[in-house]
Amino acid sequence: MSAAAAFRAGLLDPAAPVPPGLTDGAGRHAARRYAVYRNNVTASLVEALRAGFPSVRAGLGPRAFDAHALAFARAHPPRSPVLARYGDGFPSWLATCAPGWAGDLARLDLALRESYHAADHVAADASVLATADGPTLMGARLTPAPSLRLLTSRWSLLALRDAALGGGGVPMAAAEDGPPAEIAVLRHGWDPEPHLLPEGGAATLAALRAGRSLGEAATWLRDPDAFGDLLSTLLSAGALAAIEL
Amino acid sequence: MFDWNGSELPAAPGVGFKARHFEALMADPGAVRWVEVHAENYMGAGGRPRAQLAALAERMPVSVHGVGLSIGGSGALDARHLARVARLCAELGPASFSEHLAWSTHETEFLNDLLPLPYTEATLARVCAHVDAVQDALGRRMLLENPSSYLAFTESTWSEPDFLAEIVRRTGCGLLLDVNNVFVSAVNLGFSPEAYVDAFPLGAVGEIHLGGHDADRDEHGAPLLIDSHGREVADPVWALLDRVLARTGPAPVLIEWDTGVPDWPVLAAEAARAGAALERVA
């Protein structure tokens, strides 16, 4: 094993021996000094996961979260120095070892973080929609902002998130029996916010993003009457980058 | 080989930028004349971080400080990450780009700490090749920062100041002298911080860093200082700064405060103290 490989091996494995060839400057054993690096590495990665998954941390409590984060960081250190992207595997990790809701809440935290760092856009001028007749409106192509993120969950994620961040902890939650909750993350200015969508709303927005016309995309909605509310949610958030009639 | 052209940063106090200080800094920078940002925190496509950085760059010179290139690493540089750094610098046009004499990536893993390397002929050649690659990719001279050390390698054959001077000679890079790192390493490894700065190639220094450290002890009862960047700069570090400035004259001096970040007035007061040290040698 090379010197660098030996130095690296002990950083993420607390049972690994202190690498040879290290001293305190006076020729003495440097175990405590090596431990500073070991601690720095794991503490900084746990801190990155804390910052990246705030509602999961609030829901699980800091001790349980840190234990999961430490285990994940040791098994899956970052593959890139850009830590804003670290932890995309954490939701599926949590799904195997934490309460059932934690993995999905982590997906929501991740979607919020991705939206926060996504490319900027100028909100499209929506006034053209007000004067369009029905067929023109149905043929319109609405391009969602690059910061749009979509997810679905069997859990009432927004209520779980509110409860966790409100400091009350997460109640003994059970998966919902009905259709999955559909959520859009929309960035208002610089701040992403999750919005609950009507049933079929996630597929509708995905269709818009794929370039389908508004009429085609809206066929995904289970309740056609939900269309107006969905459109007004998008417009009030400034979540459309382009409107082509 | 890049020629030394001096620093484009003002010979004045700067601070490591924190998003929570944005409004206060823009409203009244006080003694602060420039800011430094960690490159890796601004590699998203957009959003508030990039918008704040663009607004700052309109207002004052910006130094981009990389923490992820792993210049002291045993493997090749991460070409994709080097391209990200080059893109950020091309978009921003910073007054300075700096990185560390340290490694943080092993094979494909990023360990998010500045890890130490032995100073040997082999590591010298590798670091110089990496500095050359960075300078070629950026089309500019970079500054290389001396590390804070908690331990030494028995295989080292170069002193740190000589090692850095030789990197400067071979690559034409400049140096970032972190005075707190000198003090931390000196206490931890039992050498004289004054002798270190006296041996340091100060003519290549384009920027100076100051930061706070914490005190601990090792298993032998010896003092072990931790480079935490979590408090005020310690008095002996200010004294060491005076010794450096007496030889360099006025230089860009940065306050780093990265953990337990204080309210703006506390950081601004540290910057003002650096400004007073600079005025004494003006």
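Select helix H2 and helix H4 (residues 62-75) of chain A, which pack with their axes 9 Å apart at an angle of about 120°. Helices here are DSSP runs of H or I of at least four residues, strands are E runs of at least two, and both are numbered from the N terminus. Axes are lines fitted to C-alpha atoms, for helices over the stretch in contact, and angles run from 0 to 180 degrees between N-to-C directions. The angle makes H2(A) oblique to H4(A); angles under 35 degrees count as roughly parallel, over 145 as roughly antiparallel, 65 to 115 as roughly perpendicular, and the rest as oblique.

The model is predicted: local features need pLDDT of at least 70 and side-chain atom pairs count only at pLDDT 80 or more, while totals for chains, interfaces and linings use all residues. Residues are numbered from 1 along each chain as its sequence is written, and chains are lettered from A and ligands numbered from 1 in the order in which they are written.

Remain on the helix pair and display side chains. Thr42(A), Leu45(A), Val46(A), Leu49(A) and Arg50(A) of H2(A) meet Asp66(A), Ala69(A), Leu70(A), Phe72(A), Ala73(A) and Arg74(A) of H4(A); two residues are in contact if their C-beta atoms, placed from the backbone, lie within 7 Å. Seven of the residues in this contact are nonpolar, one is polar and three are charged. In this classification Ala, Val, Leu, Ile, Met, Phe, Trp, Tyr, Cys and Pro are nonpolar, Asp, Glu, Lys and Arg are charged, and the others, Gly among them, are polar. H2(A) passes H4(A) in a right-handed crossing; a crossing is right-handed if the near helix is turned clockwise from the far one by less than a right angle, and left-handed if anticlockwise.

Next, bring chain B into view. The contact between the chains takes 38 residues from chain A and 35 residues from chain B. On the side of chain A that touches chain B, helix H1 (3-11), strand E1 (22-23), helix H2 (31-52) and helix H6 (100-117) each supply at least two residues. H2(A) gives the largest share, eleven residues. By class, this side of chain A has 23 nonpolar, eight polar and seven charged residues. Select E1(A) together with strand E8 (residues 152-153) of chain B: the two pair in the antiparallel sense over two bridges, pairing being assigned if DSSP finds at least two bridges between strands. Leu22(A) stands opposite Phe153(B) in E8(B).

Return to chain A for its open sheet, where three strands lie in the order E3-E4-E5 with antiparallel pairing. Strand E3 (149-153) and strand E5 (191-196) stand at the edges with a single partner strand each, so one side of each is left without a neighbour in the sheet. Neighbouring strands are turned by 25° against each other on average, direction ignored. Strand E4 (residues 181-188) is joined to E5(A) by six bridges, and the bridge partner of Ile183(A) is Leu196(A) in E5(A). Helix H9 (residues 157-165) of chain A packs on the sheet and touches E3, E4 and E5, its direction making about 60° with that of E4(A).

Move to chain B and select strand E5 (residues 103-106) with E6. Three bridges join these antiparallel strands, and Trp103(B) stands opposite Leu115(B). The two strands form a hairpin with two residues between them, and Glu107(B) in the turn has a positive phi of about 50°. Six of the seven residues of E6(B) (residues 109-115) are buried, so the strand is largely enclosed by the rest of the structure. A residue is buried if 20 or more other C-beta atoms lie within 10 Å of its own, exposed if 12 or fewer, and partly exposed in between, with C-beta atoms placed from the backbone.

Now pick His65(B), in strand E3 (residues 62-65) of chain B. His65(B) counts as buried because 25 C-beta neighbours lie inside 10 Å. Not counting residues up to four places away in sequence, His65(B) touches Glu36(B), Val37(B), His38(B), Ala39(B) and Ser98(B).

Ser70(B) lies in the loop between E3 and helix H3 (79-92) of chain B. Phi of Ser70(B) is near 55°, a positive value in a residue other than glycine. Most residues other than glycine have a negative phi.

Finish at helix H6 (residues 179-189) and helix H8 (residues 235-248) of chain B, whose axes come within 9 Å and cross at roughly 120°. Their crossing is right-handed, and the residues of their contact divide into eight nonpolar, one polar and no charged.
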